[in-house]
Amino acid sequence: MSLFQSFGISASGMTAQQFRADVIAQNLANVNTTRAEDGETYRRKVTTFQERGVDRFDRYLTESRKRGSHIGNGVKVVSVREDTTTDFIMEYDPAHPDADENGYVSYPNVNLVTEMTNLIDASRAYEANITAFEASKSMAQSGLQIGK
């Protein structure tokens with residue numbers, strides 16, 4: 001693996017985790033949104049990551065036998081989808097303008113504890129990628145010092 005490839009892998013991880021943190025922040029900002037732009041109740045959004053340059057598994061087997069081979073090119077965001085498996089939070093408030101005929105208001109399926117835990121996870125993953133980037137940078141600088 002080239003040194004510059006390790007920079008790219010760490011940078012892709014930082015970019016993906018920053019995007020994930022932005023989506024989590026959007027969920028937290030809409031925790032009390034009973035009506036989105038389309039008139040429906042806001043649904044929690046979830047990001048999905050995938051390894052860059054995914055190939056067939058048999059290629060990995062043959063590549064892993066070669067001396068000095070590497071596998072992996074970083075990560076990318078594949079999709080941002082709405083969480084349709086979790087139910088909305090129903091709260092009785094007949095005076096609310098978005099209450100249904102029974103007096104219940106549908107609040108987003110955003111759980112503050114879950115979102116904050118995910119935000120901490122994204123933050124730690126971002127920090128881990130910074131540490132890996134800094135280690136690669138330090139190795140590159142040490143390599144340049146050898147030539148002096």
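Which residues of α3 are buried? I looked this up first. The buried residues of α3 are Glu115, Ala122, Asn129, Ser136 and Ala140, where buried means under 20% relative accessible area, exposed over 50%, and partly exposed in between (1.4 Å probe, protein chains only).

Basis. I worked from a predicted model, in which local features need pLDDT of at least 70, side-chain atom pairs count only at pLDDT 80 or more, and totals for chains, interfaces and linings use all residues. Residues are numbered from 1 along each chain as its sequence is written, and side-chain values use heavy atoms, with hydrogens and water left out.

Overall layout. I noted three helices and four strands in the protein chain, in the order α-β-α-β-β-β-α. Helices (H or I, at least four residues) and strands (E, at least two) are DSSP runs, numbered from the N terminus. Of the 148 residues, 28% count as buried.

Helix α3. I checked the length of α3: its 35 residues should span 51 Å at 1.5 Å a residue, and its end C-alpha atoms are 51 Å apart, which agrees. The expected span is 1.5 Å times one less than the number of residues. The buried residues of α3 pack against α1 (3-29).

Ser136. I found Ser136 in α3 (residues 112-146). Ser136 counts as buried because its relative accessibility is 6%. Leaving out residues up to four places away in sequence, Ser136 touches Leu3, Ser6 and Phe7; contact means heavy atoms within 4.5 Å.

Salt bridges. I counted a salt bridge where a side-chain nitrogen of Lys or Arg is within 4 Å of a carboxyl oxygen of Asp or Glu. The structure holds seven. One of them joins Arg20 and Asp121 at 2.9 Å, N to O. This pair links distant parts of the chain, with Arg20 in helix α1 and Asp121 in helix α3, 101 residues apart. Arg20 is buried, at 15% relative accessible area, whereas Asp121 is partly exposed at 41%.

I next looked at Arg44 and Asp83, whose side chains meet at 3.3 Å, N to O. Arg44 lies in the loop between α1 and β1 (45-51) and Asp83 in the loop between β2 and β3 (89-92), so the pair ties together parts 39 residues apart in sequence. Both Arg44 and Asp83 are buried. Arg44, Asp83 and Glu115 are linked in a network of salt bridges.

Last, I looked within α3. Glu134 and Lys137 form a salt bridge at 3.5 Å, N to O. Glu134 and Lys137 are separated by about one helical turn because they are three residues apart in helix α3.
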